[in-house]
Amino acid sequence: MPRPRLLIAGNWKMHGLAADLGEAETLAAALAGRRVRSRVALFPPATLLDRMARAAQGRGLLVGAQDIYHEPSGAFTGAISAEMAKDVGASLVILGHSERRRDFGETDAQVRLKVEAAFRGRLEPIVCVGESAEVRDAGGTMARIESQLRASLPESLGEQRINVAYEPVWAIGAGKTPSLEEIAEAHEGLRRVLAHVIGDQAQATPILYGGSVTAENASAVLAVSGVDGVLVGSASLEAADFLPIVWAAEAASEPDGGFESWLRG
Ligand code: PEP
């Protein structure tokens, strides 16, 4: 089975006002009209979804939500549903990000409900898993991320498209990353879990790495076997930082492993 198309995803978290939409505009302008092999997506705060999606439309930039609530509508003050995010132009959604799990007490069971809601609302989920520093230090990384993924996925995915992101909690925003071997091992374990749920389709399911990805380390991370993209936080806020990561993915996607880009300089 061929390698999935790389997904380069930028999570703006709780950053961004209308004045920052220029960054998305710069990114969209750089992608527009090019035959870009990777899929490139930004996840702004919900307040900017509508305007960013309008600016991105038809220009090779996807836009997604950072979270949704699992109900379609109702008396849930402050929440937004998959249908609402879709309505303003989102096509993807990040689910179970470690900041949601840590700061808002989100459980695997809730993430699973949200994955089902994303399918219902025609959003493509990126399901995040990752171990804390304590779990890593105790040697429990693989057991933790595999059980998190198993518990965060519905029993059957049918024909639905899904992405997984391996994001070690201790690496997020910390300027630290696991070794390339550790990333490869984690991705292999997660793909095994996926294979139990969706069989052969697991090979075609993108598994992203996230945690302190920058223009400096993106090429090395994207060259790791089983890494099908990156989920980027801080380095996605400005187009000048994010674009080199997109171009690293383009080079990694070339059939000759980037030789063409190297020749072009
Ligand atoms: C993230 O928020 O998912 C993330 C990976 O952040 P950073 O790239 O800043 O570590």
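When I say two residues touch, or are in contact, I mean they have heavy atoms within 4.5 Å. Keep that in your heads, and keep in mind too that this is a predicted model.

Okay, let's start with Gly210. You'll find Gly210 in strand β7, residues 207–210. Leaving out residues up to four places away in sequence, Gly210 touches Tyr166, Glu167, Pro168 and Leu231. Is Gly210 buried or exposed? Its relative accessible area is 0%, and buried means under 20%, so Gly210 is buried. While we're here, have a look at Arg192 as well: from Gly210 to Arg192 is 18 residues in sequence and 19 Å in space, C-alpha to C-alpha.

Two packed helices are described by the angle between their axes and the distance between the axes. Here the pair is α7, residues 141–152, and α8, residues 180–198, which pack at about 35° with axes 9 Å apart. Their crossing is right-handed. So who makes the contact? From α7 we have Met142, Ile145, Glu146, Leu149 and Arg150, and from α8 we have Glu185, Ala186, Gly189, Leu190, Arg192, Val193 and Leu194. Sort those contact residues by type and you get seven nonpolar, one polar and four charged.

Gln148 is buried, with a relative accessible area of 10%. Not counting residues up to four places away in sequence, Gln148 touches Arg101, Asp108, Val129 and Gly130.

Next up is α5, residues 108–120. This helix has 13 residues and reaches 18 Å from first C-alpha to last, close to the 18 Å expected at 1.5 Å a residue.

After α5 comes Arg122, and its phi is worth a look. Most residues other than glycine have a negative phi, and most peptide bonds are trans. Arg122 has a positive phi, near 60°. This arginine sits in the loop between α5 and β5, which is residues 124–129. Arg122 is exposed, with a relative accessible area of 61%. Lys13 also has a positive phi, about 50°, and is not a glycine. You'll see Lys13 in the loop between β1 (7–11) and α1 (21–31).

Let me do one more helix, α10, residues 239–253. How does its length come out? At 1.5 Å a residue, its 15 residues should span 21 Å, and the end C-alpha atoms are 20 Å apart, so the two agree. The buried residues in α10 are Ala239, Phe242, Leu243, Ile245, Val246, Ala248, Ala249, Glu250 and Ala251.

Last thing, the aromatics. How many aromatic pairs does a search of the whole structure find? Two. One of them is Tyr69 with Phe76, a tilted pair at 4.9 Å centre to centre with 50° between the planes. Tyr69 is partly exposed, with a relative accessible area of 29%, and Phe76 is partly exposed as well, at 33%.

That's it from me, happy to take questions.

Terms used:
Residues are numbered from 1 along each chain as its sequence is written. This is a predicted model: local features need pLDDT of at least 70, side-chain atom pairs count only at pLDDT 80 or more; totals for chains, interfaces and linings use all residues. Side-chain values use heavy atoms; hydrogens and water are left out. Axes are lines fitted to C-alpha atoms, for helices over the stretch in contact, and angles run from 0 to 180 degrees between N-to-C directions. Helices (H or I, at least four residues) and strands (E, at least two) are DSSP runs, numbered from the N terminus. A crossing is left-handed if the near helix is turned anticlockwise from the far one by less than a right angle, and right-handed if clockwise. Ala, Val, Leu, Ile, Met, Phe, Trp, Tyr, Cys and Pro count as nonpolar, Asp, Glu, Lys and Arg as charged, and the others, Gly among them, as polar. The expected span of a helix is 1.5 Å times one less than its number of residues. Buried means under 20% relative accessible area, exposed over 50%, partly exposed in between (1.4 Å probe, protein chains only). Rings of Phe, Tyr and Trp (its six-membered ring) pair if their centres lie within 6.5 Å; planes under 30 degrees apart count as stacked, over 60 as edge-to-face and the rest as tilted.
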